[in-house]
Amino acid sequence: MIQLDNVTLTFPDGDSRITAVDHVSLIAHPGTVTAITGPSGSGKSSLLAVAATLIRPDSGRVLIDDLDAARLDAKEASDLRRDSVGIVFQQSNLLPSLTAREQLTVMNELGRRGSRGRRKAAATRADELLDAVGLGDHRDKRPHQLSGGQRQRVNIARALMNDPSVMLVDEPTSALDQERGAQIIDLILRLTDELDTSTLLVTHDLVHLPRMHAVVHLVDGRLTSSVGESGELAFA
Ligand SMILES: Nc1ncnc2c1ncn2[C@@H]1O[C@H](COP(=O)(O)OP(=O)(O)OP(=O)(O)O)[C@@H](O)[C@H]1O
Ligand SMILES: [Mg+2]
């Protein structure tokens, strides 16, 4: 579960500050995808960065599985991020020299002492996830040998390596054509269901919204509307 409670985030802008996220509250439950929409510059990526605990908000709270991220020290916050949050960024950031499988297994090395048992478990998990995203036959390819859609699948699989309870995805379809974009959305909906993640998905692509469990709309950092699972207006 992830909950944002009255979150405000500002950035310095010359002599003053710009408000990227303005008193936003939202909650996403396991097994559901909440879409975040809004014009360019409306604060979608900023909101995701706060949800990922990558940026601390000026005010408000971020609760991940009932832990208040603001109350954690830097080490605890990075442990929480590694163990509980899977992030797929707007720009694909695969490492050029690694194979698809290595992009995933390297996640296991981050900030932990390796052991043979753990390495083996990581390799098994990587293979399972590559199968789940339909890339079982491409596990030994490097990013330049993969299509844009395949690279995005590796990105998604990598985000799920540590079995996170929260999945945060920023514009996964922006570089893809309609059909491949729809496949990526299908994949995110399916993995959210199978792995029971609480998923926030930033998207410009309005055609996919009817399939989401909830949709929120941002304008100038403010939540202007929010539609819940049963279609009612969930935002007051
Ligand atoms: N690191 C930063 N420093 C200063 N201003 C920033 C920073 N990051 C974002 N902003 C500003 O915050 C506002 C929200 O930006 P954000 O990237 O969250 O928008 P977005 O909705 O994701 O846009 P897009 O759809 O183009 O990706 C913008 O006005 C942007 O210029
Ligand atoms: Mg953005």
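Predicted model: local features only at pLDDT ≥ 70, side-chain atom pairs only at ≥ 80, totals over all residues.
Local features need pLDDT of at least 70, side-chain atom pairs count only at pLDDT 80 or more, and totals for chains, interfaces and linings use all residues. Residues are numbered from 1 along each chain as its sequence is written, with chains lettered from A and ligands numbered from 1 in the order in which they are written.

**View 1. The open sheet of 4 strands.** The strand order is β2-β1-β4-β5, with antiparallel pairing (strands are DSSP runs of E, at least two residues, and helices runs of H or I, at least four, numbered from the N terminus; two strands pair if DSSP finds at least two bridges between them). β2 and β5 (67-68) are the edge strands, each pairing on one side only. Strand β1 (residues 2-13) is joined to β2 by 9 bridges. Phe-11 stands opposite Ile-18 in β2.

**View 2. The shell around ligand 1.** Phe-11 and Ile-18 are among the surrounding residues, as are Gly-41, Lys-44 and Ser-45 (near: C-beta atom, placed from the backbone, within 6 Å). β2 (16-28) and α1 (44-51) each supply at least two shell residues. The largest share, 3 residues, comes from α1.

**View 3. Packing of helices α3 and α5.** α3 (residues 100-109) and α5 (residues 148-159) pack at about 25 degrees, axes 9 Å apart (axes are lines fitted to C-alpha atoms over the stretch in contact; angles run from 0 to 180 degrees between N-to-C directions). The two helices are therefore roughly parallel (angles under 35 degrees). Ala-100, Gln-103, Leu-104 and Met-107 in α3 meet Val-154, Ala-157 and Arg-158 in α5 (contact: C-beta atoms, placed from the backbone, within 7 Å).

Terms used:
Parallel < 35°, antiparallel > 145°, perpendicular 65-115°, else oblique. Contact = placed C-beta atoms within 7 Å.
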